[in-house]
Amino acid sequence: MITKDIIEQVKDTANIVEVVSEYVSLKKQGVYYVGVCPFHDDHHPSMKVSPNRGSYHCYACDAKGDAIKFLQEKEHISFPEAVRRLANKYGIAIPSEEKTEEERKHDRLIANLYKTNAWVAQFYVDALKNSAEDSAVKQYVKMRGLSDEILAKFHIGYSPADTSLFAHAYKDAGLYFNNAKMLGLGYVAHGFVNDRYAGRLIFPWLNTTGKVVGFGARKLDERTHGVDQKYINSQESEIYHKNSELYGLYQAKSAIMKAEKVYMVEGYIDVLALHQAGIENVVANAGTALTKQQVDLISRYCKTVTLVYDSDEAGLRATLRAIPLLLKGGLSVKVLRLPEGEDPDSFIRQTPTDTIQQTLDAREQHFLEFLHSALVKGVANPDYRSAGVKQILKIIAAVPSPVTQESYLQECSAVIGYSVEALKAEINTL
């Protein structure tokens, strides 16, 4: 039970600067720390954090409170849950609360699923390490230029083509067969789990606390013969919801908050390639189109997103779908256009390491510039041009802030050439 004494102990122990710094980059200013407020569209440091008082206060939107309140508002969780998280963080014991048998059963299930995934991830990591240097997987890793440090950082593994290795190891570990079925690790037959990822490179998905929630698995052979998918991802489970996770976020959190922006890419290898090149504020929505839940997740850590999708037609469509979602989530959006035929991995590998950040910065565009180039620029047919302008206005209409929307309309007018009045009249009819 969470007593008043426990709550006061948590308030006294929790370091407000530490708690806020997990979401916002803070700078010391006298006796205070200042940073951009995460609770509104803040482009200037409006929030002060006082370590002496154990409180925060935004002078723009009036968000204020202590460490418990901050965590409660930022994670959209209840007061008791915020207290529990901080108590756990600072080693404060809370007497066990009364739960129903159903709740205790569910807790045991979740703990077992995490335990199973942790064991499976380690099995794959060990399998990769123990593979012969001339094996197909080691040759693939070498071809991709992935270092041992990157493999370790992202817990990259390998599922042996010989399924009996996994089957016997899983059984010997004493893990529940039902867990394997619930997690989609494979089907159970004759007392063994048949690994559905056999013969593939494994990319574990870690949630924001570092627990393995799922896996992505890639064929080593590019050829699919019309049957096998290049990538297989975990099925939905009690601990994995693909629409609510971002690959690489656990490894990127600190870098995202420090840079106050994130690069959004499409694939696993893209994330690894950028990290290896020293660009660590990067995540991927691998295996799914960008979702509102993912936008909400990334907005906890920064307010600016740069989309770096592939340069092909599919990448263009994904970019056009993502921009309004991000704008509706209150985020600033930029687009980094890659040369034709390139993806982030291939582009990074042919860019000199000491110029990567400058090269990325130079290719970055405001989303309006990108939309103008993609939908309007060079279009001679007035009907097609008008359709392109309307598509841009529909995207601007997704912006929740009237002030920001007005600003975008003015920029749109300057870029496209139509008057602000004409654009406003058109957007009102959409």
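Reader: Which residue in strand 5 is the bridge partner of S55?

Author: D66 in strand 5 is the bridge partner of S55. Strands here are DSSP runs of E, at least two residues, and helices are runs of H or I, at least four, numbered from the N terminus. This is a predicted model, where local features need pLDDT of at least 70, side-chain atom pairs count only at pLDDT 80 or more, and totals for chains, interfaces and linings use all residues. Residues are numbered from 1 along each chain as its sequence is written, and side-chain values use heavy atoms, without hydrogens and water.

Reader: How many bridges join strand 4 to strand 5?

Author: Strands of a sheet pair through backbone hydrogen bonds, either parallel or antiparallel. Two strands pair if DSSP finds at least two bridges between them. Three bridges join strand 4 (residues 55-58) to strand 5, and the two run antiparallel.

Reader: What is the order of the five strands in the open sheet?

Author: The order is 1-2-3-4-5, with antiparallel pairing. Strand 1 (27-29) and strand 5 (64-66) are the edge strands, each pairing on one side only.

Reader: Which strands does helix 3 touch?

Author: Contact means heavy atoms within 4.5 Å. Helix 3 (residues 67-75) packs on the sheet and touches strand 3 (47-50), strand 4 and strand 5.

Reader: How do the residues of the lining of the second largest pocket divide?

Author: A pocket is an open set of points on a 1 Å grid over the protein atoms alone, where a 1.4 Å probe fits, with protein on both sides within 12 Å along at least five of seven lines; lining residues have an atom within 4 Å of a point. Ala, Val, Leu, Ile, Met, Phe, Trp, Tyr, Cys and Pro count as nonpolar, Asp, Glu, Lys and Arg as charged, and the others, Gly among them, as polar. The lining has 10 nonpolar, five polar and nine charged residues.

Definitions and conventions
Axes fitted to C-alpha atoms, helices over the stretch in contact; angles between N-to-C directions.
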